[in-house]
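Subject: Handover of a structure

Dear colleague,

Please find below the sequence and structure that I am handing over to you. My account of what was found follows directly after them.

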Amino acid sequence: MKKAPVKEKWVKQQVVKMLKARHLYYFFPVAGPYQSLGVPDIVACIRGRFVGIECKAGNNHPTEIQLRNLEAIRDNEGVALVVNENDLEALEQRLETLT
């Protein structure tokens, strides 16, 4: 029997579980008419570090504008991450280094 493909929503839920388990501050930027395009799915503040997390599922990749935003975060000494269902263990380890 073939497994159902993983949805981005599931990836986001797993990321949130990790953040909550560490009692970290995070939020989901709300899409609206005045929001900038390409903002990461989850924004967190970890020990004073700005962290942007873009969640993807399957073979999906960040768009060009999402990549530009992630690069801008890195350029300003923030942490910018792209996570899919195969990267969750690596994210767990990365969060350990930030907390």
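From the N terminus on, the elements of the protein chain follow the order α-β-β-β-α-β-α. This gives three helices and four strands in the chain. Please note that the model is a predicted one.

Overall dimensions

The C-alpha trace of the protein chain spans about 45 × 30 × 20 Å along its principal axes. A compact globule of 99 residues would have a radius of gyration near 13 Å, and the 14 Å of the protein chain agrees with that. Of the 99 residues, 37% are buried. The accessible surface of the protein chain comes to about 6800 Å², and carbon and sulfur atoms account for 53% of that surface.

Helix α3

Helix α3 covers residues 88-98, and its buried residues are Leu88, Leu91, Leu95 and Leu98. These residues lie on the same side of α3, because they cover an arc of only 65° around the axis. As a general point, an α-helix has 3.6 residues a turn, so residues three or four places apart point the same way. Glu89, Gln93 and Thr97, on the other side of α3, are exposed. The cover over the buried residues of α3 includes α1 (8-21), β2 (42-46), β3 (49-55) and β4 (79-83).

At 1.5 Å a residue, its 14 residues should span 20 Å, and the end C-alpha atoms of α1 are 20 Å apart, which agrees. The buried residues of α1 are Val11, Gln14, Val15, Val16, Met18 and Leu19. They pack against β1, β2, β3, β4 and α3.

Arg22 is placed in the loop between α1 and β1. Is Arg22 buried or exposed? Its relative accessibility is 17%, so Arg22 counts as buried, the cut-off for buried being under 20%. Leaving aside residues up to four places away in sequence, Arg22 touches Glu92, Leu95, Glu96 and Thr99. Leu95 in that list is also one of the buried residues of α3. His23, which follows α1, has a positive phi, near 55°.

Strands β1, β2 and β3

Strand β2 is mostly covered, with four of its five residues buried. With β1 (residues 25-27), β2 pairs in the antiparallel sense over three bridges. β2 and β3 also run antiparallel, and five bridges join them. Which residues are the bridge partners of Val43 in β2? Phe27 has Val43 as its bridge partner in β2, and Gly52 is the bridge partner of Val43 in β3. The hairpin of β2 and β3 has two residues between the strands, and there Arg47 takes a positive phi near 50°.

To draw these points together, β2 is joined by bridges to β3 and pairs with β1. β2 also belongs to what covers the buried residues of α3, and the buried residues of α1 pack against β2 as well.

With kind regards

Methods:
Residues numbered from 1 in each chain as written. Predicted model: local features only at pLDDT ≥ 70, side-chain atom pairs only at ≥ 80, totals over all residues. Heavy atoms only, no water. Buried < 20%, exposed > 50% of the residue type's maximum accessible area, 1.4 Å probe, protein only. Arc of directions from axis to C-beta. Contact = heavy atoms within 4.5 Å. Pairing = 2+ DSSP bridges. Rg over C-alpha atoms; globule rule 2.2 N^0.38 Å. Areas by Shrake-Rupley, 256 points an atom, 1.4 Å probe, with all protein chains shown as cover. Expected span 1.5 Å × (residues − 1).
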